[in-house]
Amino acid sequence: MAKQFDVLVIGGGPGGYVAAIRAAQLGFSAACVESEPYADPKGEVRLGGTCLNVGCIPSKALLQSSELFEQANHSFVMHGISAEAVKIDVRTMVKRKENIVTQLTGGIKHMFKKNKVTLLPGHGSFVPQGLPSLGGGEGAWEIDVAGETVLAKHVIVATGSKPRQIDGISVDNKVICDNAGALSFDAVPKRLGVVGAGVIGLELGSVWKRVGAEVTILEAMPDFLAAADAAVAKEAWKVFTKKQGLDIRLGVKIGKVTQGKKGVSVEYELGDESHVLECDKLIVSVGRVPNTDGLGCENVGLKLDDRGRVEVDDQCRTNLPNVWAVGDVVRGPMLAHKGMEEGVMVAELIAGQAGHCNYDAVPWVIYTHPEIAWVGKTEQQLQSAGIEYRAGKIPFSANGRALGQGDTTGFVKMLADAKTDRILGVHIIGNNASELISEAVVAMEFHASSEDIARIVHAHPTLSEAMHEAALDVDKRSLHF
Ligand code: FAD
Ligand code: NAI
């Protein structure tokens, strides 16, 4: 007798495991199929997907360690603390990261037990001629999991994404690495090359720069951080290149990449000139592509869009009845929190509830130092859409807490509709931007105006007062700047 579930999720990343837990909470029999052991010492399947194993969590662990090292070397002194000959043991730093990953991935297995979600280890794929008639006359999808057929009324595809490859560069995750290898170096490379000055390039470039690598980042686009508000990108460029010494070269065209005994040679063109970057390790971080490998979409006619993503509507329905898709494998930003919200939304829609995911209020965070965070529209997007707005902008140099912390780089910028005052976007570059942005997300979710924020009591002294002052500055009545 084949195993049978109300809801079967394919993929145990943030989109998938959250969908499975929520479905179980809503009373469904739920299962989650996951194929990857990642670095599990026993070779057992690990939950948490890219995010927990080779993405968000390990990168933030290394960012924290490397930032402390950086502070000990450069920031303690202003407080009168001398820390001479500070050393870093990369193996311990990486081991700490691995322990955090192990703890969290194990935690999800525990959450599965607690919520009675069945974990089905193995690769999942749609079996041809889905939707057979079951005993009760109910339609069900047939999914092959490691050679066994499992039946499910609803299927949620949450198979995530994988690193985009560049022709002619073969990633071995020893010398030429994608995110997985770049999170596990066992020593600081003397010369680190990075292809792509996007989120991974900047975060992992920062990690290895702080602990002593010479980092050169080669970026194809002529503009730096084109997705961010231009004022934020300009400030970030100044800090990362001039203050922190990241060597970022924009507008390059990558040519031949050769791996030799001593490292890697990257030939590239910049304008009319040809250059060669010699490095000991190379990180390739040029975006990610949806992962539908071996999913058997063709077996059941599951429609993909022109970028290979599973095509879905605003509520993550695919073209097939009772087949849903969430997370990196569908349109929208490739962010863990976006995938998790979609997972919850779909489970609730299956239960007949009003699931919702507000795509207009999905925050972005880049965990460099200073951090960069935003939600809503940039000033440039508002201008090109012809929307009239008022802007308020407050530097952290005018914030008492930031001064006390000795970290005054950056600003908060708020954009509000010129007529209604409704907040349209908030952009932060500065210490703790990742936490500060939540206030703006809540404000936008509740359709707040800048005046609403201006009238809210913010604790003193806190960095959040910069948000308060930015809101006041929309009306040109800031009190401390
Ligand atoms: P994934 O996490 O990719 O999980 C999909 C899972 O499905 C995988 O475990 C895979 O093995 C499994 N799978 C695939 N196909 C099958 C199949 N057929 N059968 C069984 N199992 C299958 N996002 C943030 O929001 N914040 C961050 O700070 C952040 N940092 C990042 C840092 C790095 C270095 C990287 C690479 C990404 C980062 N991201 C971050 C992005 C985040 O990791 C992804 O958006 C998120 O993991 C997507 O979740 P998902 O569930 O859609 O897919
Ligand atoms: P990305 O899309 O952020 O950046 C890729 C960069 O590579 C772009 O600037 C692009 O112009 C450049 N590029 C593309 N092709 C190139 C080429 N041939 N030569 C040189 N440069 C080239 O992608 P990245 O950094 O790989 O990260 C993937 C995704 O993972 C992100 O888009 C994001 O969704 C997620 N992520 C999120 C994080 C966060 O939320 N803090 C952290 C890390 C990743």
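Predicted model: local features only at pLDDT ≥ 70, side-chain atom pairs only at ≥ 80, totals over all residues.
**Domains**

The chain is assigned three domains. Domain 1 is made of two segments, 3–162 and 289–357. Domain 2 spans 176–286. Domain 3 spans 361–474.

**The interface of domain 1 and domain 3**

The centres of domain 1 and domain 3, taken over C-alpha atoms, are 31 Å apart. Ten residues of domain 1 and nine residues of domain 3 make the contact.

The size of an interface is often given as the accessible area lost when the parts come together. Here, domain 1 and domain 3 bury about 750 Å² between them. Carbon and sulfur atoms account for 69% of that area.

What polar links join the two domains? Three residue pairs are in polar contact between domain 1 and domain 3, with both residues at pLDDT 80 or more. The number of salt bridges between domain 1 and domain 3 is zero.

On the side of domain 1 that touches domain 3, two elements give two or more residues: helix H3 (56–74) and helix H9 (336–350). H3 supplies the largest share, three residues. By class, this side of domain 1 holds four nonpolar, three polar and three charged residues.

**Ligand 1**

Around ligand 1 there are 38 residues. Glu34, Tyr38, Thr50, Lys60 and Gly124 come nearest. Tyr38 also places a polar side-chain atom 2.6 Å from an oxygen atom of ligand 1. The side chain of His337 has an N or O atom 3.2 Å from an oxygen atom of this ligand. Cys56 uses its backbone instead: an N or O atom there lies 3.5 Å from a nitrogen atom of ligand 1.

**Ligand 2**

Ligand 2 is surrounded by 23 residues. Ile200, Glu219, Gly287, Met334 and Val365 are the closest. Ile200 has a polar backbone atom 2.8 Å from an oxygen atom of ligand 2.

| Residue | Residue atom | Ligand atom | Distance |
|---|---|---|---|
| Tyr38 | polar, side chain | oxygen, ligand 1 | 2.6 Å |
| His337 | N or O, side chain | oxygen, ligand 1 | 3.2 Å |
| Cys56 | N or O, backbone | nitrogen, ligand 1 | 3.5 Å |
| Ile200 | polar, backbone | oxygen, ligand 2 | 2.8 Å |

Terms used. Residues numbered from 1 in each chain as written. Chains lettered and ligands numbered in written order. Heavy atoms only, no water. Domains from an automatic or database assignment. Contact = heavy atoms within 4.5 Å. Buried area = accessible area lost by both parts, 1.4 Å probe. Salt bridge = Lys/Arg side-chain N within 4 Å of Asp/Glu carboxyl O. Polar contact = N/O pair within 3.5 Å; in protein donor to acceptor, adjacent residues only side chain to side chain. Helix = DSSP H or I, 4+ residues; strand = E, 2+ residues; numbered from the N terminus. Nonpolar A, V, L, I, M, F, W, Y, C, P; charged D, E, K, R; others polar. Near = heavy atom within 4 Å.
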